[in-house]
Amino acid sequence: MSDISQAIQTIAVYAIPVLFAISLHEAAHGYVARYFGDTTAAQQGRLTPNPMKHIDPFGTVILPLLLYLTIHMPFGYAKPVPVDYSRLRNPKKQMGFVAAAGPAANFAMALGWAIMLVLLRGAGVTEPFLVGMAVAGINVNAVMCVFNLLPIPPLDGGRIVTALLPMELARPYASIERYTPYIFIGLIVLMYTGILSSLLGGMVNLFVSLIGFLVLPLNLLLN
């Protein structure tokens with residue numbers, strides 16, 4: 001198979017998992033923010049699983065493909081769902097729940113794709129595209145969940161840490177977020193050079209193992 005054919009096949013298999021992993025991650029932030037009192041995302045029409053509302057051309061399409069083709073770790077991002085933390089009923093505490101909603105959505109989607117994979121195998125379906133898409137769904141959501149839980153602002157993990165810290169420490173820690181463009185550039189460089197990707201790879205493998213453990217009863221029942 002030529003490199004071009006391989007690239008097209010990769011795009012086709014990963015397209016749906018990547019779009020929904022990123023879109024539902026962002027929508028989850030908005031749903032939880034609305035639950036705690038902030039309706040900003042709802043007012044802007046961002047509380048939807050429709051990927052077209054969340055796609056960022058570079059972060060959702062180009063970057064995941066580049067990273068997959070170079071370091072085999074398809075990470076990307078969507079247009080952030082707007083959250084006005086000042087409108088939350090308890091901003092400092094509830095911002096942690098809003099931040100955790102994105103990785104939680106990725107965990108749920110990884111579990112859903114794993115169940116789909118078990119059902120496909122149980123039904124004797126060996127169609128490479130369907131099986132590959134299920135595997136891609138697990139891997140993409142594993143990478144997104146693990147990466148976003150890194151305790152670095154502005155990642156979700158950083159905001160969770162901010163919510164847990166006492167106020168005198170939370171303020172200076174949260175102020176790191178003003179350097180967001182440089183932080184993302186640095187993280188991408190660390191991933192590309194292998195320094196961060198090797199660490200993330202180990203954490204992603206643990207995540208996938210956990211998902212495999214959770215679907216083990218269904219797997220034993222059907223296969």
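# Close-up views of a predicted model

View 1. Directly after H8 comes Gly-194, whose phi is positive, near 95 degrees. The model is predicted, with residues numbered from 1 along each chain as its sequence is written; local features need pLDDT of at least 70, side-chain atom pairs count only at pLDDT 80 or more, and totals for chains, interfaces and linings use all residues. Side-chain values use heavy atoms, with hydrogens and water left out. Helices (DSSP runs of H or I, at least four residues) and strands (runs of E, at least two) are numbered from the N terminus. H8, residues 180-193, has 14 residues and reaches 20 Å from its first C-alpha to its last, close to the 20 Å expected; the expected span is 1.5 Å times one less than the number of residues. The buried residues of H8 are Thr-180, Ile-183, Leu-187 and Met-191. An α-helix has 3.6 residues a turn, so residues three or four places apart point the same way.

**View 2. The largest nonpolar core contains 27 residues****.** A nonpolar core is a set of buried Ala, Val, Leu, Ile, Met, Phe, Trp, Tyr and Cys residues joined through side-chain atoms within 4.5 Å. Those with the most contacts inside this core are Phe-147, Leu-187, Met-191, Leu-196, Leu-200 and Phe-207. H3, H4, H5, H8 and helix H9 (195-214) each give two or more residues to the core. H5 provides the largest share, nine residues. Another core, of nine residues, lies apart from it and includes Tyr-14, Val-18, Ala-21 and Ala-136.

**View 3. Two salt bridges occur in the structure****.** In a salt bridge, a side-chain nitrogen of Lys or Arg lies within 4 Å of a carboxyl oxygen of Asp or Glu. Arg-87 pairs with Asp-38, their closest N and O atoms being 3.8 Å apart. This pair links distant parts of the chain, 49 residues apart: Arg-87 is in the loop between H3 and H4, and Asp-38 in the loop between helix H1 (3-35) and helix H2 (40-43). Arg-87 is partly exposed at 35% relative accessibility, whereas Asp-38 is buried at 1%. In the other bridge, the closest N and O atoms of Glu-177 and Arg-159 are 2.3 Å apart. Glu-177 lies in the loop between helix H7 (167-174) and H8, and Arg-159 in helix H6 (residues 156-164), so the pair ties together parts that are 18 residues apart in sequence. Glu-177 is partly exposed, at 27% relative accessibility.

**View 4. Gly-124 is exposed in a loop****.** The loop runs between helix H4 (91-122) and helix H5 (128-148). Gly-124 counts as exposed because its relative accessibility is 54%. Its C-alpha is 9.2 Å from that of Asn-223, although Gly-124 and Asn-223 are 99 residues apart in sequence.

How values were computed: Buried < 20%, exposed > 50% of the residue type's maximum accessible area, 1.4 Å probe, protein only.
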